[in-house]
Amino acid sequence: MSRSLPPIRNFAFVCERVSVLVPEEVLVKNGFGYRTVNCIGQVGTGSILQAFEYGADQVVLLGCPEQECRHGIGAQNARKQVETSRQLLNLMGFNPEAVRFVPVSERSEHDDLFSVRLASNRSSGQKVAVGIEPENDDNFAPAGTKRQTDFVCIECGRCSGVCPVARTGLGFSPRRLMQKAGTEDAPLKTRALYACLGCDLCKTVCPSGKSIAEEILRLRVIAFQQGTQPVMAHDGVVQTLIRMMAKTTLPQNRREWISSDLRVADRGEIALWTGCAPYFDVLFKEMEVNQVGTLRNAVRIMNRLGIEPVILADERCCGHDLLWLGDVRTVKKLARHNLTQLQDAGVKEVVFLCPECLRTFKLDYPRLAGTQGAELKLKHISEFLFEHGFKPAGNGTQIRVTYHDPCRLSRHLGVEDAPRQLIGQVNGVELVEMAHNRSEGLCCGGTSWLECGAAVKLLQDRRLQEWQAVKAETLITGCGKCEIHLRCAQMSRGNNNKAQKIVNLIDFFADKE
């Protein structure tokens, strides 16, 4: 008499060397789908979280014990990825124990490998997936073909002359991409479509006065609809996290970072948008990223101005990085959720630390959510603090600093003066400009976590060289992602000079208080 098998609710990544010890029938008997990999150490956090995104209740990495791994670091790396995944799952509201690494040897018993059973993988006991309703993406990609655009390229080549990616000499040309986009389908299936940083430096020289970045965004939306996918940086973990936020109604642990000395509100007219700061601290902890610390400093400064900002308990990612991948439908769902949360909390003004979030709310949400949220005032924290009369004191210590303009804040939104005016008020600070600044400033190499390759490293090096040329001790930026990318470049160059700091604008002010 045959026994029925359990439904597949779990997922296992299996090192090919131990797969003979854990045959397929054993995995299926225990309710596992599986994928065999060359080494368990190659499984990244993005792949682990993707299994949860598609409905797994638990994920197990089955690999060689430390001393038996032929690559030497497979088990060590698997434990590291499991630990990172657990921290992210905890932030997402999942049970972090739902992922684990299990070393397998000839001495292992099958029952031992699957001995952990979870009553629920969600700490809330809920498992609610919300489908993405089919909708038109007309505001980003007009119905029909990619040729239906009012962007006209006269092939002057000025864009390629200033494009930071083209100037690396590795073969990318925005002019050629735009030329092909008007005549054939090939650009929708090429990685060159994702080489553009969206920095909009080309807009400053284009005779049309229009944004090539916006045109490329439109093409990416069509390419996404046709199934084109670029190479994702960091195993696609950022994109997976965003999709998970859009698919589930689970309450995240969004406010754990709020310490007892901070005054925040559940309802009120002014909100501080926290973005993905807690998630980035987990993903980039090796760079000593502390964006939660930046959030705390922002709240302390607002408290000193007599403001207790609203911090939403159910804020979701704004969707910027999925949008620049072309996934409009998921971002549309996030837009409606976030705007509803703000409206329900009585918010009239939203203050952003992240320029990408601000750009998405200001320029993209109106195309995604119509008039919903149109009454909201949207400001970068530098604009907000300057308008509220914040005057960073400083202790008089002489220091030479420079300011890096985030592309989204400067060229996309025109915010260039407020950060400089605040920095200029700090007692003892000398602000010097790099060779390329304000609307001509060079990009940090942020690619929306897509196609992060040699060209990006070269242009990041160029930015660091401009910093060194002005002999400033500190590089200040108003964007957490610029901070991550420039620190990454600094570490890649082996620069361990602690005297040369890359800091967020808010942390710089807090340090001078």
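Predicted model: local features only at pLDDT ≥ 70, side-chain atom pairs only at ≥ 80, totals over all residues.
Me: What makes up the secondary structure of the protein, and what share of its residues is buried?

Reply: The protein has 19 helices and 11 strands, and buried residues make up 56% of its 513 residues. Its exposed surface comes to about 21,500 Å², of which carbon and sulfur atoms supply 48%.

Me: Why is Asp364 called buried, and what about Arg359, with which Asp364 forms a salt bridge?

Reply: A residue is called buried when its relative accessible area is under 20%. Asp364 has a value of 0% and is therefore buried, and Arg359, with a value of 1%, is buried by that rule too.

Me: How do you know that Asp364 and Arg359 form a salt bridge?

Reply: The rule asks for a side-chain nitrogen of Lys or Arg within 4 Å of a carboxyl oxygen of Asp or Glu. In this pair the closest N and O atoms are 2.8 Å apart, so the contact between Asp364 and Arg359 counts as a salt bridge. In general, side chains of opposite charge can pair when their charged atoms come close.

Me: Why is Arg367 called partly exposed, and how is Glu214 classed?

Reply: Partly exposed covers the range between the buried limit of 20% and the exposed limit of 50%. Arg367 has a relative accessibility of 24%, so it falls in that range, and Glu214, also at 24%, is therefore partly exposed as well.

Me: What makes the pair of Arg367 and Glu214 a salt bridge, and which parts of the chain does the pair link?

Reply: The closest N and O atoms of Arg367 and Glu214 are 3.3 Å apart, which lies within the 4 Å cut-off, so the pair qualifies. Glu214, Arg359, Asp364 and Arg367 are linked in a network of salt bridges, and the count for the protein comes to 31 salt bridges.

Me: How do you know that Glu433 and Arg420 form a salt bridge, and what does the pair tie together?

Reply: Their closest N and O atoms are 2.6 Å apart, within the 4 Å limit, so Glu433 and Arg420 form a salt bridge. Glu433 lies in the loop between strand S9 (429–432) and helix H17 (454–469), whereas Arg420 lies in helix H16 (residues 417–424), so the pair ties together parts that are 13 residues apart in sequence. Glu433, at 30%, is partly exposed, while Arg420, at 6%, counts as buried because its value is under 20%.

Me: Which residues lie nearest the centre of the largest cavity, and how does its lining divide by class?

Reply: The largest cavity has a volume of about 270 Å³ and is lined by 24 residues, with Cys276, Ala277, Phe280, Gln291 and Cys354 nearest its centre. The lining divides into 13 nonpolar, seven polar and four charged residues. Among the helices that each supply at least two lining residues are H8 (237–247), H13 (355–369) and H18 (480–492).

Me: What is known of the second largest cavity, and which helix gives the most to its lining?

Reply: About 130 Å³ of space lies in the second largest cavity. Of its 16 lining residues, Glu356, Cys407, Arg408, Cys443 and Cys444 are the closest to its centre. H18 gives the most to this lining, with three residues, and by class the lining has nine nonpolar, four polar and three charged residues.

Notes:
Residues numbered from 1 in each chain as written. Heavy atoms only, no water. Helix = DSSP H or I, 4+ residues; strand = E, 2+ residues; numbered from the N terminus. Buried < 20%, exposed > 50% of the residue type's maximum accessible area, 1.4 Å probe, protein only. Areas by Shrake-Rupley, 256 points an atom, 1.4 Å probe, with all protein chains shown as cover. 1 Å grid on protein atoms, 1.4 Å probe; cavity = no way out; pocket = protein on both sides within 12 Å on 5 of 7 lines; lining within 4 Å. Points joined across faces, edges and corners; volume = space filled by probe spheres on them. Nonpolar A, V, L, I, M, F, W, Y, C, P; charged D, E, K, R; others polar.
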